[in-house]
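Keep the structure open beside you as we go.

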Amino acid sequence: MRLLAAGTPVTPDVVAAVWHKWFGDSPEVPGQQTAELCALAVDLQALSALADR
């Protein structure tokens, strides 16, 4: 939510990083993009765009 409030674009890289921060095994390994995370990024960006209206 903080990223959205700051105007950070919701990209697959951002979603993967946040997902990994919360659910990953090692903080040193960056989050890997998957098809599911990319789809989630698209959905979140669409919701963010609706909220900006």
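In α2, the buried residues are Val15, Ala16 and His20 (buried is under 20% relative accessible area, exposed over 50%, partly exposed in between, with a 1.4 Å probe and protein chains only). Because they cover an arc of only 130° around the axis, they sit on the same side of α2; the arc is taken from the directions from the helix axis to the C-beta atoms. An α-helix has 3.6 residues a turn, so residues three or four places apart point the same way. Turn to the other side of α2 and you find Lys21 and Trp22 exposed. The buried residues of α2 pack against α3, where contact means heavy atoms within 4.5 Å.

A word on the source: this is a predicted model, in which local features need pLDDT of at least 70 and side-chain atom pairs count only at pLDDT 80 or more, while totals for chains, interfaces and linings use all residues. Residues are numbered from 1 along each chain as its sequence is written, and side-chain values use heavy atoms, with hydrogens and water left out.

Now for the largest pocket, which 16 residues line; Met1, Arg2, Leu3, Val18 and Trp22 lie nearest its centre. (A pocket is an open set of points on a 1 Å grid over the protein atoms alone, where a 1.4 Å probe fits, with protein on both sides within 12 Å along at least five of seven lines; lining residues have an atom within 4 Å of a point.) α2 gives the most to this lining, with seven residues.

How values were computed. Helix = DSSP H or I, 4+ residues; strand = E, 2+ residues; numbered from the N terminus.
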